[in-house]
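Visitor: I'd like to learn how to read a few features of a model like this one. Could you walk me through it?

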Amino acid sequence: MTTTNPLRDPRDKRLPRVAGPSVLVLFGVTGDLSRKKLLPAIYDLANRGLLPPGFSLVGFARRDWEHQDFRQVAYEAVKENARTPFREDVWRHLAEGMHFVPGEFSDPGAFEALAMAVKELDATRGTGGNYAFYLSIPPKFFPMVVEQLQRCGLTEHGPHSWRRVVVEKPFGHDLKSARELNATLHRVFPEESIFRIDHYLGKETVQNILAMRFANTMYEPVWNRSYIDHVQITMAEDIGIGGRAGYYDGIGAARDVIQNHLLQLLALTAMEEPTSFSAEAVRAEKAKVLSSVRLPDDLSRTTARGQYAAGWQGGERVRGYLEEDGIPPDSRTETYAAIKLEIESRRWAGVPFYLRTGKRLSRRVTEVALIFQRAPHLPFSETDTEELGQNALVMRVQPDEGITVRFGSKVPGTAMEIRDVNMDFAYGESFTEHSPEAYERLLLDVLIGDPPLFPRQEEVELSWGILDPIEEYWAEHGRPEPYKSGGYGPASADLLMARDGRAWRRL
C-alpha cells in the first residue's frame, strides 16, 4: 500500500494542499482555546502558504469591540503562541481579512449582522459563499446558535459553495445527551458537513500509528493475539485542573479523556486494514472495533478511579482536588480512571486492553504500548536472564514523539547474560521539518472538506455505550480513592493489573 503525505495534494506530491476561498466564523473567540490554539494555528497556516489570499476570519462574542480590537487580541495571541516565526507581511495580509461581530447568542439582530458581514466578505474578498462555523462554546449553546444560523439563512448554500460546522468535545456527557446533540446538529447540517474536533487525532504521532502498521511488513504479522499479551494506553498529566473547575467537576477523567482520546487510540491500534485511507473506509474500521468492545462482568475488579490529594510536585507543595478553587468539598469527581476492556474479534480475542488517565501524576506522557508474550522457550539459565522482561513496542504521542522497541540483548562480556534494551526513533531527530500543530491540520481539513480525522456520529455513540455502564457503576459505589500528587495513581489501579499478573508501565 502506498501512502501520501496528508499535507500534500494527492494529485501532485510536490504541491501542498491549500484551502480554497472561505470564511471561518469563530464563536467563543475570547476563550483560552481560541487564544492559545486556534488563532495561532490560523496564522501558522497562512505563514506556510496554505490559506488562500482572500481567506477571512470573523470573530463573534459578547464584547464591545471594533474590528481593530479583535485584530489586536489576535495579534497578541499569535505573537505569544504561534509555532512558526512571526512575519509582518503575513500578519498584515491576514489581519486585513479579520472582522468582528458583537452580540449575544440569543440576539437575532447580531446574527443578521453576521450574515451581512460574511456576504460583504464574499463581495470584497472573493470568499465564494463558503463558510465554516467553529463552535468553541459550551455544548448547551449549540442549539441556540445553529438555529440562529439557520434562521438568518447562513446554513443554506448554492451548488458551488458550502457550509460546515465544527464542534469541540465533549460530544455530550452520556449516550442520551450525545444523541440529542447530534439530533440538534442534524436538523440544520447534514452529517458530512459536521466536523467533530478531537485534537488528538490531528497529532502526527497518532496518524503515524496507521502509517507504521500498514506501510511496513515487519509489524502487521505479529499485531494480533498470537503474539501480543496485552495493550496499555496511557494519558498521564503532571498538572491539576488549573482554572477549569467549572468544566471539570462533574465531568471527570473518564468522560474528559477515555471516552474520546483513549478510545480513539484503541480503535486506531486495533482496527483492521482499511480498503483505503478515505474517510469512510477508516471510519468504518474504527466503528467495527468500537462495536466489538466488551466490558468485563465484574467492574469492581476491572475498573479503578482516584482523586488527587495534596502532595509535592516539581519541588512545590500542591493542593488536592478538593482544595482547588471552585470544587465542592464533597465532590465525587474522579481525576484518575483506569479500565480493562476486551475486543471480541478473531484478531484480539483474549488480549486485554488497559486504559488509564490521570492528573497530578509523576510526569506527562501519552503512549500506546503493545506488550508481547514471553518467548515460549528460553535456552538460558535463570541467572542469564534475571532482568529480562517482555518485548514491547511503544508509540509515544507526547511529549517526546516517537517509537521505542524494547527487546533482549546480550550484555558485552564472556558470559551469556541477557538484558532488556531500548531502540528509539524520535521524530525531532529524524525529520528536519517540524510537525504541524494538531489544530493546523484539523483546521485545514475543515476548510478543504477532508474528514478522515474527525469522528462521526456512530463512533461517538459507540464510545458512550462503552463508558456509560462504568459511570453508572461508579455513581452507585462509593467515592474515588485518594492518591498522592506527584505519584503513580491510586493503589486500586495497580491491583487491577496485579489480579491479571501484570503491571503498568512505569510513568
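Guide: Let's start with the record. UniProt, in an unreviewed entry, places the feature "binding site" at H199, K203, E237, D256 and K359. UniProt positions are given in the numbering used here, feature names are shortened, and annotations may be inferred rather than shown by experiment. Residues are numbered from 1 along each chain as its sequence is written, and side-chain values use heavy atoms, with hydrogens and water left out. This is a predicted model, where local features need pLDDT of at least 70 and side-chain atom pairs count only at pLDDT 80 or more, while totals for chains, interfaces and linings use all residues.

Visitor: Is K203 buried or exposed?

Guide: Buried means under 20% relative accessible area, exposed over 50%, and partly exposed in between (1.4 Å probe, protein chains only). K203 has a relative accessible area of 19%, so K203 counts as buried. K203 sits in the loop between β8 and α7 (204-214); helices (H or I, at least four residues) and strands (E, at least two) are DSSP runs, numbered from the N terminus.

Visitor: Which residues is K203 in contact with, leaving aside its neighbours within four places in sequence?

Guide: Contact means heavy atoms within 4.5 Å. With those neighbours left aside, K203 touches V397, Q398 and A438.

Visitor: And where does D256 lie?

Guide: D256 belongs to helix α9 (residues 252-270). D256 is buried because its relative accessible area is 5%. Beyond four places in sequence, its contacts are K169, R244, Y247, Y248, I251 and H261.

Visitor: How do I read a helix, say α6?

Guide: Begin with its span: the expected value is 1.5 Å times one less than the number of residues. Helix α6 (residues 175-186) has 12 residues and reaches 16 Å from its first C-alpha to its last, close to the 16 Å expected. Next, look at its faces. An α-helix has 3.6 residues a turn, so residues three or four places apart point the same way. In α6, the buried residues are L175, S177, A178, L181, N182, T184 and L185.

Visitor: What do the buried residues of α6 pack against?

Guide: They pack against α5 (142-151), β7 (163-168), β8 (194-197) and α14 (457-476). Over in α5 you'll find P143, which is partly exposed because its relative accessibility is 27%. P143 and L181 are 38 residues apart in sequence and 8.0 Å apart in space, C-alpha to C-alpha.

Visitor: What caps the N-terminal end of α6?

Guide: D174 does, with a side-chain oxygen 3.4 Å from the backbone nitrogen of K176.

Key. Polar contact = N/O pair within 3.5 Å; in protein donor to acceptor, adjacent residues only side chain to side chain.
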